[in-house]
Amino acid sequence: MDTGQVGYRIQREVIDEDRLKELSQRLDYSQSNIPIHHRLKKSLSCSVPRLKRGIVGFLPILSWLPRYSIWDYGMPDLISGISVGIMHLPQGMAYALLASLPPVFGLYTSLYPPLIYLILGTSRHNSIGTFTILSIMIGSVTERLAPDANFLVFNGTNVTEEVDIVSRDLYRVQVAAATTVLGGLIQVVLGLVQFGFVATYLSEPLVRGYTTAASVHAVVAQLKYIVGVSPKRFNGPLSVIYTLADLFALLPETHLPTVLVSVVSIVVLILAKELNNALRQKLLVPIPVELCTIVVATVISFYTRFGASYKISVVGEIPSGLQPPTVPNVSVFSEVVVDAFALAIVGYAISISLGKTFALKHGYKVESNQELVALGLSNTVGGFFQCFSVCSSMSRSLIQESTGGKTQIAGVVSGVIVLVTILKLGSLFQELPKAVLSAIVFVNLKGMFKQYYDIVTLWRSSKIDLLIWLVTFVSTVLFNLDMGLGASMMFALLTVIFRTQSPTYSLLGHLPGTELYLDIETHKEVTDVPGITIFRSSATMYFANAELYLEALKKKSGLDIGKMLTYKRRQEAKQRRRERRAERRAQREAKRQKRALRAASQRSRNVVFSVEEVAGQLMEIDGDTLREEELGWKERKNSTVFVMPETSEGHHTWVYLRGTDPDTTTLGSSFDLQDGDTTTLDSSSEDTLSRDLERVSLGSLGKWTWDIHSIILDFSTANFIDTVGIKTLRNIFQDFGEIDVYIYLAGCQELVVEQLERGGFFSDVITKGHVFATVHDAVLYCLKHHGAMTIHSYEIALEMSGTHL
């Protein structure tokens, strides 16, 4: 509003919590009148449309498969499925080595879980199957529970020991399958209880730091295949350090033919992938670089007999056909429950982040809880078919999306390719060198190696996020994958607590012409509201920062309430001690006066005499040497009290005269005297003042002065309040109330008001009239009821906002 409209006013109703509740009840009147049993019956009733929605929600394939258009989606899904299926073959076998399992089980893992996800999943572009991080995590479990040392047997000469590879691999497959089933069950349970939000606790810096650290584990695990040595197996904390130390000790034993195959494979893969990226705009589908590499390497190995002639480790026998489903070994559940939980959380976090990215790009919705159920059942069913843990693969998902994939039918096409390979083509890869598979893993980790640039980016943007990244990376590298995940999550949550424990506190001022109140320090155009302090915290007040909130309020308002109340209570204590001393002195004086009057009454009747004379006679009679000051008598020029007794029916009644002359005084009964007159006939003025004071105020004591009559606490940033916060808030109201400063709340959310009410915050003294919908409502109320001295001077600023008091 421009300055020319200053005179234009709009009537503005001040809305406090009671008024707001009344308005809300009017809006919700029709809903609130519905009996609770009718609402409960409606929520539990089952109808055909509701049943249909429930079934379709659990089986999303029913929502899109009936409307599937072969003409529109068939060819893109076919091309995309073939491209992804070709990638499944080398990645499945390579990542099986990361899991310390025979390569054929990587092919099984690329077949069964994608078919389950086709029925239950909601993402159209996620490619479910083997993934680097989960393979490494499975490998750490299998090597911990089935180390080589447990399967040593004597050879035919009973002289040397050898590893029983068949028995070892069989048990490792059982361990991997059991871990996968348990992790899948955890995901299903979390999805059914609507716990899909758990992935939100894995922030992006945490996930990127974790995956970068996992790539270090992957590199270390593949080095033995790259250089052709056999280091010892280490598990637990610092296992990476111990493994590297053992590898360096074995470098003199490096197998040169294996190193040559590894280096050539890595160079070829890198050059081919760069060429692929350079020509991706001109190619209909990407060149299957990895598949071409393993085909060429297998052919060369077959004709040159790498395994027999050069002692290069090869894949070995790959059984044809499918394995029947088997029940997992439940006896290892107790040993892998922590690992299974970590697998469930990490796998879901990766899948949901990829799924939401593609959904946002292509305009559809991914259901978090349904994704958790779909991924869980994919793992659970796959575990029965001897698969290991799966999730979405970033590289394959990008290929599926970039080659035009429209639906999960692409997963079916890729599954067919894997199935044909298992049934008919598996035996052709028996001569494939393991060094080639390790080279594929190495090259595919290039994207994760690039995440080290996050350090530079986070240093510029957020030091706290950088700290989360570094702590996650270091803890995961040093403590292993499961303990590293737990430590990093705890640290990330601690950073949230620390940030809420030390929020920003500010004083707000009014922006002329509006109803806005902004930080005074950052907005120079705002003005203070006379007599009112508006205080705001950037975080919720709860047990961790309640004391800091109170300290910041005292500092910002300039009122050290603790010292002020301490001074006040000391003065009140001194005042009470003076009153007690004066009262005791008055009682002694009253007794002495009573004895003096009794003695005087016995000596003279119906004679007017002065109290001072009676006191003097009494002193002579008793022989006391009391001074006048000890009796409390003082010379009073115009307030002499004369007392004379009268006899009425045998009773003595005392009458009194005030003034210097009995002839000019008024006569009255002693029963008309107040207690103070009868007990402190001539007490000091200090005693009289102390009896009149019922309460000592700091203003009367004169130690502090201030011009604040109201403090408004802006609670718009608070989303909850606990019992400690309620107690602190109640103390603020009481303490500031003792120095006649009124406290009000503004901008409270409905949940916060309910928590205040349940916590017993409101009372006869602190009512809901102290809670206002906005800061502006609270300001108007304070100016109207407490700002009589400043309201006129502030009217102009309010006129600018179109408000009329």
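These legends go with a few close-up views of the structure.

This is a predicted model, where local features need pLDDT of at least 70, side-chain atom pairs count only at pLDDT 80 or more, and totals for chains, interfaces and linings use all residues. Residues are numbered from 1 along each chain as its sequence is written, and side-chain values use heavy atoms, with hydrogens and water left out.

**View A. The largest nonpolar core.** This core has 103 residues, a nonpolar core being a set of buried Ala, Val, Leu, Ile, Met, Phe, Trp, Tyr and Cys residues joined through side-chain atoms within 4.5 Å. Buried means under 20% relative accessible area, exposed over 50%, and partly exposed in between (1.4 Å probe, protein chains only). Among the residues with the most contacts inside the core are Met-93, Ile-294 and Leu-437.

View B. Rings of Phe, Tyr and Trp (its six-membered ring) pair if their centres lie within 6.5 Å; planes under 30 degrees apart count as stacked, over 60 as edge-to-face and the rest as tilted. Tyr-112 is buried, at 14% relative accessible area.

**View C. Phe-306 and Tyr-310, edge-to-face.** Here the ring centres are 6.0 Å apart and the planes sit at 80 degrees. Phe-306 is buried at 15%, while Tyr-310 is partly exposed at 43%.

**View D. A ring cluster.** Tyr-505, Phe-535, Tyr-549 and Phe-715 are linked into a cluster by ring pairs.
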